[in-house]
Amino acid sequence: MHHLLIDLGHSFREGFFMFWETFWALVLGFGLSGAVQAFVSRSEMERLLGRSGPREITRASLLGAASSSCSYAASAMAKTLFQRGADFVSSMVFMFASTNLVIELGIVLWVLLGWEFALAEFVGGAIMIVLFSVLARRVLRRQEIEAARAGLSGDGHTHGGANVSRAGWRERLRSPAGWSDAASYTLADVKMLRKEMVAGYLVAGFLAVLVP
């Protein structure tokens with residue numbers, strides 16, 4: 001019984017420190033998601049990522065690699081892009097790039113394991129993106145995608161940003177209401193994934209302690 005309690009304590013401790021070490025990525029990812037919802041209009045999003053052509057896929061890949069966040073924040077950001085008018089494939093490509101073309105991870109791999117492993121990370125991520133882009137066009141139906149977008153548009157995450165979104169992005173950035181909306185959207189995304197985050201870090205903590 002004593003050993004069980006010790007293992008439980010160590011598991012919770014490991015889960016907490018895993019959360020702490022990735023906290024910056026969570027803040028960055030969820031913050032970007034809230035900012036996009038508050039400051040980027042639907043027309044601007046459709047212009048940038050509204051299709052799934054080579055240009056949009058490349059743009060989504062570069063933006064995802066630049067954002068480099070954890071999977072929880074990346075999924076919230078992909079949901080935001082899709083909800084704001086981005087093509088579904090482009091939104092998923094952004095998520096893949098954000099978690100599989102991670103610049104800082106590539107640097108760590110290069111330093112600790114060698115350039116071959118760093119190169120493998122980026123090559124593997126690129127292959128994943130290409131395969132998904134090709135298969136998604138053949139498997140996913142337009143009606144299903146639009147139904148999913150309609151469901152997201154009615155999820156209740158609406159704020160005062162509707163009035164702000166009609167202004168130019170420079171004006172929106174200077175507006176206190178715009179930043180208030182960004183914070184509200186960020187908290188809504190965290191709330192949407194809070195159960196998944198708690199379960200994920202707890203499972204990771206237990207695995208780190210109990211699995212040899």
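A residue counts as buried when its relative accessible area is under 20%, as exposed when over 50%, and as partly exposed in between (1.4 Å probe, protein chains only). R149 is buried, at 10%. The model is predicted, so local features need pLDDT of at least 70 and side-chain atom pairs count only at pLDDT 80 or more, while totals for chains, interfaces and linings use all residues. Residues are numbered from 1 along each chain as its sequence is written, and side-chain values use heavy atoms, with hydrogens and water left out.

Charged pairs come next. Side chains of opposite charge can pair when their charged atoms come close. A salt bridge is defined here as a side-chain nitrogen of Lys or Arg within 4 Å of a carboxyl oxygen of Asp or Glu. The structure holds 5 salt bridges. One of them joins the side chains of D87 and R142, at 3.8 Å from N to O. This pair links distant parts of the chain, 55 residues apart. D87 sits in the loop between α5 (71–83) and α6 (88–100), whereas R142 belongs to helix α9 (residues 142–153). Helices (H or I, at least four residues) and strands (E, at least two) are DSSP runs, numbered from the N terminus. D87 is buried, with 6% relative accessibility. R142 is partly exposed, at 46%.

R142 also meets E146 in a salt bridge of 3.4 Å, N to O. Both residues lie in helix α9, 4 residues apart, or about one turn of the helix. E146 is partly exposed, with a relative accessible area of 36%. E146 in turn pairs with R149, at 3.6 Å from N to O. R149 and E146 are 3 residues apart in α9, so about one helical turn separates them. Together, D87, R142, E146 and R149 form a network of salt bridges.

The nonpolar residues were examined next. A nonpolar core is a set of buried Ala, Val, Leu, Ile, Met, Phe, Trp, Tyr and Cys residues joined through side-chain atoms within 4.5 Å. The largest such core has 21 residues. M45, L49, L81, V93, M95 and I129 touch the most other members. Two or more residues come from each of α3 (42–49), α4 (54–67), α5, α6 and α8 (115–139). Helix α6 gives the largest share, 7 residues.
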